[in-house]
Each structure stands twice: as C-alpha cells, then as structure tokens.
Amino acid sequence: RNCSIASGGYDGTIHIFDTKLAYSVINFNAHSDYISSIDYHNNGIHFVTGSKDGIVRIWDTRILSHCVVTITNPNQPPISCVKYSENGKYLLISSLDSTHRLYDVNDYSNINKLKNYIGHDNKKYTVTSTFYTDKSNKNYIVSGSDE
C-alpha cells in the first residue's frame, strides 16, 4: 500500500507526495490564498485543508483534486489550524477571529457545526488547537497563539 504526504503551498497549491517513490505525484490548485494547515483523517482517505482565504476543504485521496466538502463562514476569517479528532468524528477549525469551531464530520453529506469557542485575541498571527483526552477520559480542546 502506498502512503502519501500532502503539502500546502503559499500559492494555494496542494502537492501530494508518494512516500515510496519520493516525489510529487500530483499538484492542484486548492485555495485562492496560502494554505495554513493540513490534517489527515484517520481513515487514510480524506484530508482537510485550511487557508488564509477563510475556506476549509475536505479532499478525497482516491480522486485527487476532488473536493468532497467546502466549509465557509459568513465573515470568512483566515484559517490558521484544522484538526481532526482521533476518532475522526469531529473537525476543529481555528481562525484569526479568535474562534475555534467544532464540527461533526461523521457524515460528509450532513456536516453540523456543534459549538464555537472564543479564545485568544489574535487577528494577525497563528492560532492553533488540538483535542486532548486525559487519563480519566475527559475530553478537552487545547489552543495556543502567537499573540
């Protein structure tokens, strides 16, 4: 089975690298501004990109350059971080309007925004976030900022 690495560029282009062949097998234009974050789903089929253009897209590696879902926000603040939960059911999107948005992505035909979390007051630099489960199985969202 081949493995791939997705890389996002300043020009909004995604490069997919085959790790066995050690070179880029496909490049395609994905966003109108630079890609700030990429994360693979645990199913190995989908990956998500976030961009300064304020758009989040979910891609299918079986049909490269095919966007499965586009997630937008009315204000379209620049996206600084996208992260799937370990179980793949949730997607956390952090943006430069100081908001972390949690989505249920268990079914791509019916994506639901579950909650907004307001955090760091950062409109210029990076805001990152991730999921964390402690030893007692309590779930948390952890974020950090360059503010």
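Predicted model: local features only at pLDDT ≥ 70, side-chain atom pairs only at ≥ 80, totals over all residues.

Residues are numbered from 1 along each chain as its sequence is written, and side-chain values use heavy atoms, with hydrogens and water left out.

Begin with strand β5. Helices and strands are DSSP runs, numbered from the N terminus (H or I and at least four residues for helices, E and at least two for strands). Strand β5 covers residues 46-51 and runs antiparallel to strand β4 (residues 35-40), with five bridges joining the two. Strands count as paired if DSSP finds at least two bridges between them. Within this pairing, Asp39 has Val48 of β5 as its bridge partner, and Ser37 stands opposite Gly50. The hairpin of β4 and β5 has five residues between the strands, and Gly44 there takes a positive phi near 75 degrees.

Strand β5 is also joined to β6 by five bridges, again in an antiparallel arrangement. Here the bridge partner of His46 is Asp60 in β6. The hairpin of β5 and β6 has four residues between the strands, and in this hairpin Gly54 takes a positive phi near 85 degrees.

How many of the six residues of β5 are buried? Six of its six residues are, so the strand is mostly covered, where buried means under 20% relative accessible area, exposed means over 50% and partly exposed lies in between (1.4 Å probe, protein chains only). His46, Val48 and Gly50 point one way from β5, and Phe47, Thr49 and Ser51 point the other way; all are buried.

A search of the whole structure finds five aromatic pairs. The rings of Tyr40 and Phe47 have their centres 5.5 Å apart and their planes at 45 degrees, so this pair is tilted. Rings of Phe, Tyr and Trp (its six-membered ring) pair if their centres lie within 6.5 Å; planes under 30 degrees apart count as stacked, over 60 as edge-to-face and the rest as tilted. Tyr40 is partly exposed because its relative accessible area is 26%, whereas Phe47 counts as buried, at 0% relative accessibility. Phe47 also forms a stacked pair with Trp59, 6.5 Å centre to centre and with 20 degrees between the planes. This second pair links distant parts of the chain: Phe47 is in strand β5 and Trp59 in strand β6 (residues 56-60), 12 residues apart. Trp59 has 4% relative accessibility, so Trp59 counts as buried. Ring pairs link Phe28, Tyr40, Phe47 and Trp59 into a cluster.

Next come the charged side chains. Side chains of opposite charge can pair when their charged atoms come close. A search of the whole structure finds two salt bridges, each defined as a side-chain nitrogen of Lys or Arg within 4 Å of a carboxyl oxygen of Asp or Glu. In one, the side chains of Asp60 and Arg62 meet at 2.8 Å, N to O. Asp60 counts as buried because its relative accessibility is 6%, while Arg62, at 59%, counts as exposed. In another, Asp97 and Arg101 meet at 2.7 Å, N to O. Asp97 is partly exposed, with a relative accessible area of 22%, and Arg101 counts as buried at 7% relative accessibility.

Asp18 is found in strand β2 (residues 13-18), and a polar atom of the Asp18 side chain lies 2.9 Å from the backbone nitrogen of Leu21.

Asn29 is the last stop. Asn29 lies in strand β3 (residues 23-29) and is exposed, because its relative accessible area is 61%. Not counting residues up to four places away in sequence, Asn29 touches Asp11, Gly12 and Thr13, a contact being heavy atoms within 4.5 Å. The C-alpha atoms of Asn29 and Thr13 are separated by 4.3 Å, although these residues are 16 residues apart along the chain.

Definitions and conventions
Polar contact = N/O pair within 3.5 Å; in protein donor to acceptor, adjacent residues only side chain to side chain.
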